[in-house]
Amino acid sequence: MNARARTLLFLASGALAAALLLWGTAGLPGFGRYPGPYGDIINAVALSERHVTNLPTAVIFDYRGFDTLGEEYILFTSVTILSVILRKREGPPEPSGAWGGFSEPIAWAGWLLSGVTGVFGLYTILHGQLTPGGGFHGGVILASLFLLIFLAYEARVFLRIFPKTALEALEALGAGGYVLVGLAPLLSGRGFLTNVLPLGQLGDIRAGGTIALINAFVGVEVAAAFALLVTEFIAEIEQKEARP
Amino acid sequence: MIVLQSLLLAFIAAGAAAVVLTRDPARQAVAMGFYGLLLTLWFLAVNAPDVAYSQLVVGSAIVPFVLLVAVSRTRKQPK
């Protein structure tokens, strides 16, 4: 195909895509206008039904908890597949320290930010049912702590605190814990993922029953999954850098 | 609020153009991180702090990192 035909093909398909996009946009509700009833219903009932103040968390870990279980396993499966594929490399399975040692300002930035990031990640996970945040967000923040430690020192320093086996065990614990919390109500004849724990006081950190528990499990799973992902990638790059 | 939102939308449009116009993939990953930061501010401006959190950590930390790893892995590949 010559350049002229390619340009023509692009112009035709580009115009079609733009037309479809504009047509779809025209059908959306006006900016800032919310037509559906579900958000309004949740806003009206969730506070008294679940005793949590961050309603998105009530939706994803309780009302639609089954969907979130699938979502969590998407991450779990992706990281598992990544580890299996990258395991075929010839080099060592863990970062060896061949790559690292950044300039002093970068190392300082990583060192200064790592403590704040760790505390903030834990805060975001633990207060998921009260303020914006939750297991997914806090988990990724905690995992970015690993990147900061890598910038400040090198990858092995983090792995000395959290060995790879521990990360794998934590990931399994987080993924399995969610299912166990879902299965527990079946013992007393209630539905999968029924919120059976005491709801606690509105606005308290222990409020929300199983929401707080699932939130914590998801936080552990996401943090471990992303930390594993980063470990695998750094080991992969080191192996390539070491090659002549 | 309308002024803030319009301003942010203009910045986002400029940022998206900047990401596309950056030719070097490694620089593009960094530009993408800053673009993610703009989107974070946008989600804050439309009262979606939960989404802003996700966008901040995934869009400004994890995605640029994964892109940089991919760039480093494919560049200078022995032929």
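Tutor: The model is predicted; local features need pLDDT of at least 70, side-chain atom pairs count only at pLDDT 80 or more, and totals for chains, interfaces and linings use all residues. Residues are numbered from 1 along each chain as its sequence is written, with chains lettered from A and ligands numbered from 1 in the order in which they are written.

Student: Why is α5(A) called roughly antiparallel to α6(A)?

Tutor: Their axes come within 8 Å and cross at roughly 160 degrees. Axes are lines fitted to C-alpha atoms, for helices over the stretch in contact, and angles run from 0 to 180 degrees between N-to-C directions. Angles over 145 degrees count as roughly antiparallel. Therefore α5(A) is roughly antiparallel to α6(A).

Student: What makes Ser144(A) of α6(A) and residues of α3(B) meet?

Tutor: Contact means C-beta atoms, placed from the backbone, within 7 Å. Among the residues of α6(A) that meet α3(B) are Phe136(A), Val140(A) and Ser144(A). On the α3(B) side, they include Tyr53(B) and Phe65(B).

Student: How many residues of each class are in that contact of α6(A) with α3(B)?

Tutor: There are 10 nonpolar, 3 polar and no charged residues. Ala, Val, Leu, Ile, Met, Phe, Trp, Tyr, Cys and Pro count as nonpolar, Asp, Glu, Lys and Arg as charged, and the others, Gly among them, as polar.

Student: Which element gives the most to the side of chain A that touches chain B?

Tutor: In total, 14 residues of chain A are in contact with 12 residues of chain B. α6(A) gives the most, with 6 residues.

Note on methods:
Contact = placed C-beta atoms within 7 Å. Helix = DSSP H or I, 4+ residues; strand = E, 2+ residues; numbered from the N terminus. Parallel < 35°, antiparallel > 145°, perpendicular 65-115°, else oblique.
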